[in-house]
Amino acid sequence: MSPLRWGAWLLLLAGPAASSASPADESGGARGGGRGDGERGAREEPQRQQHDSSYGTFASEFYDLRYLSEEGYPFPTAPPVDPFAKIRVDDCGKTKGCFRYGKPGCNAETCDYFLSYRRIGADVEFELSADTDGWVAVGFSSDKKMGGDDVMACVHDDNGRVRIQHFYNVGQWAKEIQRNPARDEEGIFENNRVTCRFKRPVYVPRDETIVDLHLSWYYLFAWGPAIQGSITRHDIDSPPVSERVVSIYKYEDIFMPSAAYQTFSSPFCLLLIVALTFYLLMGTP
């Protein structure tokens, strides 16, 4: 039997016993009893019985209402946790901006890396997802290189939680910053993917480690493994970077093919294809 049910039964059993040991009875026993005491005890007995009955009814109803559901089973100890809302990609380029890196046609659940952003009042909401069991991050940079960058990362720790952390790039090393502008944080690790959603204000007080998002920045995209909840080096040597600065006031849906799908898109390969085509068309002398 659960502790709550034991408590309820103890209340029911203790109620009549406690009420019967009234001060009047104890004082009457000490005086040895008398006619006046006996008459007074006779008058108080119906009241005591009525009190005992009311107390038992109250305790029974209290137990039924507090600890049992309509079906007679104990209520759950905690309310269910709201599930993580799936990232929508059909809004990309319309009501939010998106970056996709991976296979052509991929979405937030299949891209190697995915990021979306949209303005909500005085905040910007970011959604990140990557094919990793460690961390996924976005950096805001004045150039296309690491160093001196404001970074927001979603980190999967050893307890299964996904925490949103704030970093500042010092060269190739990311230093965690205790001042974290993120709020309304939520994250999930599922199907070997780290996915998160958070907001941060557009404007912030002057701070070297936190940029104003109303300005345009290059976005650095990175993801990689984590050891005991701490981020380590990113998965690829040259993580993707936005081709141009990004404005939160302009929504685009930008796709960047991963290395496996860049074979025929590099300048050298295109030049080689053109040369071979010209050779085949002209023939040998």
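Where is the place of Lys250 in the chain? Select it: Lys250 sits in the loop between β12 and β13 (253-257). (Helices, H or I with at least four residues, and strands, E with at least two, are DSSP runs numbered from the N terminus.)

Before going on, know that this is a predicted model, where local features need pLDDT of at least 70, side-chain atom pairs count only at pLDDT 80 or more, and totals for chains, interfaces and linings use all residues. Residues are numbered from 1 along each chain as its sequence is written, and side-chain values use heavy atoms, with hydrogens and water left out.

**Stop 1**

Lys250 counts as partly exposed, because its relative accessibility is 48%. (Buried is under 20% relative accessible area, exposed is over 50%, and partly exposed is in between, using a 1.4 Å probe and protein chains only.)

Now click Lys96, in the loop between α3 (35-67) and β1. Is Lys96 buried or exposed? It is buried, because its relative accessible area is 5%. Show what touches Lys96: among its contacts are Asp91, Arg118, Glu127, Tyr251 and Glu252, leaving out residues up to four places away in sequence. (Contact means heavy atoms within 4.5 Å.)

**Stop 2: the whole chain**

Zoom out and colour by secondary structure. Of the 285 residues, 34% count as buried. Among contacts between residues at least 6 apart in sequence, 55% join residues at least 24 apart.

**Stop 3: the nonpolar core**

Select Tyr113, Leu115, Phe126 and Tyr219. These have the most contacts inside the largest nonpolar core, which has 30 residues. (A nonpolar core is a set of buried Ala, Val, Leu, Ile, Met, Phe, Trp, Tyr and Cys residues joined through side-chain atoms within 4.5 Å.) Strands that each supply at least two residues of this core include β1 (97-102), β2 (113-120) and β9 (193-201). The largest share, four residues, comes from β3. Apart from this core lies another, of eight residues, among them Cys98, Cys106, Ala108 and Phe114.

Stay with Tyr219 for a moment. Not counting residues up to four places away in sequence, Tyr219 touches residues including Phe99, Val138, Pro240 and Ile248.

**Stop 4: the largest pocket**

How much space lies in the largest pocket? About 510 Å³. (On a 1 Å grid over the protein atoms alone, a pocket is an open set of points where a 1.4 Å probe fits, with protein on both sides within 12 Å along at least five of seven lines; lining residues have an atom within 4 Å of a point.) Select Trp135, Met146, Asn169, Ala222 and His234, the closest to the pocket's centre of the 27 residues that line it. The largest share of the lining, four residues, comes from β4. By type, the lining has 16 nonpolar, seven polar and four charged residues. (Ala, Val, Leu, Ile, Met, Phe, Trp, Tyr, Cys and Pro count as nonpolar, Asp, Glu, Lys and Arg as charged, and the others, Gly among them, as polar.)

**Stop 5: a pair of asparagines**

Finish with Asn191, in the loop between β8 (183-190) and β9. Its phi is near 55 degrees, a positive value in a residue other than glycine. Asn191 is exposed, because its relative accessible area is 69%. Asn192 is found in the loop between β8 and β9, with a positive phi of about 60 degrees although it is not a glycine. Asn192 counts as partly exposed, at 42% relative accessibility.

Notes:
Points joined across faces, edges and corners; volume = space filled by probe spheres on them.
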